[in-house]
Amino acid sequence: MAAAALKNFTVEDVITALRNVLNQPAGLHEPTFSGNEWKYVKECLDTGWVSSVGSYVDRFEKDLCAFTGVRYAIATNNGTAALHTILLLSGVKQDDEVIIPSLTFIATANAVTYCGAIPHFADTEEATLSIDPEKLSRYLQENAVLKNGACFNAKTGRPIKALIAMHTFGHPADLNALQGICDRFCLTLIEDAAESIGSYYNGRHTGHWGQMAALSFNGNKVITTGGGGAVLTNDENIAVAARHLTDTGKVPHPWLREHDVVGFNYRLTNLNAAVGCAQLEQLPLFLQKKRALADAYNAAFSGLHGIKFFQEPQHCQSNYWLNVLMLDSDHIAYRDDILKAANNAGFRAQPTWTPVHRLTMYQGCPRMDLSHTNGLFEKIINIPSSPHLADKITT
Ligand SMILES: *Cc1c(COP(=O)(O)O)cnc(C)c1O
């Protein structure tokens, strides 16, 4: 029997599908504070422990380790600070190159630049929305030179030190393949897991593969501390160094106030951590709701031809941080009409980030062919993703 004929979508079909799932106006990703947030924050104010020392910071770090299974967590004041710390600790220096996807939030590239290093842009595959390992492997084979256990860009002569795998919209990158490339080309694997708390690759939480991983707890992420982040690592020495560097380079001592490097004031405050502890308690529930929302979208868009709801990659469990509608290549002309109609209907919809290699500051950086990245920019539409939206699903 032939499958039921799929009908080419109209913009009105897309809005109807959104309306069927959402029932009412919806932002892109809004936080939910329905747990112990008020109670824990009040306790900070009542006791005076509001700043960068306090029991909630310690507890938040312990709870992050328990949830992710990564041995050490060092809380920071945002995810960008966590990435900056990670790059410094992985030995990235002035005029080194670091491979990053061009399809990412600007913070990934900025953190590299803060070190005086240069982003080297890699293309993204549609299956995972993250770095295309096969294409990168072929590219490095032709464009990188290995000398005494170090990797160099054959064109620029600069060292290529590290690769940052970013888990786009919560969908895990192909970590085994990227790890293989890093092993082969002597690169340090770093995970920008800012979007992927609650996302698993082969049954293990993201953040386990890189020598270090960065989390973010910005207001639009799956859980928030207002602003916040964390460095994750399984290496005790790195954990000690990360704490030292993010804590102004202070020498641990019962009373002496002494610093032995130019460190950073990148610590998370107890107030922010208090919110984070309450949010982490609700994370399993948020993840369940986000999955229910994704399932509802998937069903609502399954009958349309030319557009689909993007589902988690094989062998992965995604947190579905930002939901994605993916246009077929022959339907990209509809993107802006859909964006306009969805926003007019009260449903926040956005294109994905303008690829970083196209931004003025980064146009001169080395890159491989980025045709898939450029294509994906035309095809991706982010749609409402807040966990509380699952409460309104009627079907
Ligand atoms: C959110 C995010 C960060 C960190 O952002 P902060 O706002 O500094 O916490 C880094 N990389 C990616 C990919 C992100 O989405």
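Predicted model: local features only at pLDDT ≥ 70, side-chain atom pairs only at ≥ 80, totals over all residues.

**A loop residue and its surroundings**

Modeller: Phe264 belongs to the loop that lies between helix H8 (236–246) and H9. Setting aside neighbours within four places in sequence, Phe264 is in contact with His84, Leu88, Leu245, Thr246, Asp247 and Thr248. Ile223 stands 41 residues from Phe264 along the chain, and the C-alpha atoms of the two are separated by 25 Å.

Helix H9 (residues 270–301) packs with helix H2 (residues 37–47) at an angle of about 155°, and their axes are 8 Å apart. Because angles over 145 degrees count as roughly antiparallel, H2 is roughly antiparallel to H9. Their crossing is right-handed. On the H2 side, the residues that meet H9 are Glu37, Tyr40, Val41, Cys44 and Leu45. On the H9 side, they are Asn270, Leu271, Ala274, Val275, Cys277, Ala278, Gln279, Glu281 and Gln282. Sorted by class, this contact of H2 with H9 holds nine nonpolar, three polar and two charged residues. The spacing of such residues may be read with one rule in mind. An α-helix has 3.6 residues a turn, so residues three or four places apart point the same way.

As for Leu187, its partners beyond four places in sequence are Ile99, Leu140, Cys151, Ile160, Lys161, Ala162, Leu163 and Cys182.

Strand E7 also meets a helix. In helix H5 (residues 106–114), the residues Ala107, Thr108, Ala109, Asn110, Ala111 and Val112 are buried. These buried residues pack against helix H4 (79–89), strand E3 (97–101), strand E4 (118–122), E7 and strand E8 (188–192). After H5 comes Gly116, which has a positive phi, near 80°.

Leu136 and Leu140 also take part in a contact between two helices. Helix H6 (residues 133–143) and helix H7 (residues 175–184) pack at about 15°, with axes 9 Å apart. Because angles under 35 degrees count as roughly parallel, H6 is roughly parallel to H7. The two make a left-handed crossing. From H6, Pro133, Leu136, Ser137, Leu140 and Gln141 meet Ala177, Leu178, Ile181 and Arg184 from H7. The contact of H6 with H7 divides into six nonpolar residues, two polar and one charged.

Helix H1 (residues 11–22) and helix H10 (residues 335–344) have axes that come within 10 Å and cross at roughly 40°. H1 and H10 are therefore oblique to each other. H1 passes H10 in a right-handed crossing. Val11, Val14, Ile15 and Leu18 of H1 make this contact with Asp337, Ile338, Ala341 and Ala342 of H10. The residues of the contact of H1 with H10 are seven nonpolar, no polar and one charged.

Key:
Residues numbered from 1 in each chain as written. Heavy atoms only, no water. Contact = heavy atoms within 4.5 Å. Axes fitted to C-alpha atoms, helices over the stretch in contact; angles between N-to-C directions. Helix = DSSP H or I, 4+ residues; strand = E, 2+ residues; numbered from the N terminus. Parallel < 35°, antiparallel > 145°, perpendicular 65-115°, else oblique. Left-handed = near helix turned anticlockwise from the far one by under 90°. Nonpolar A, V, L, I, M, F, W, Y, C, P; charged D, E, K, R; others polar. Buried < 20%, exposed > 50% of the residue type's maximum accessible area, 1.4 Å probe, protein only.
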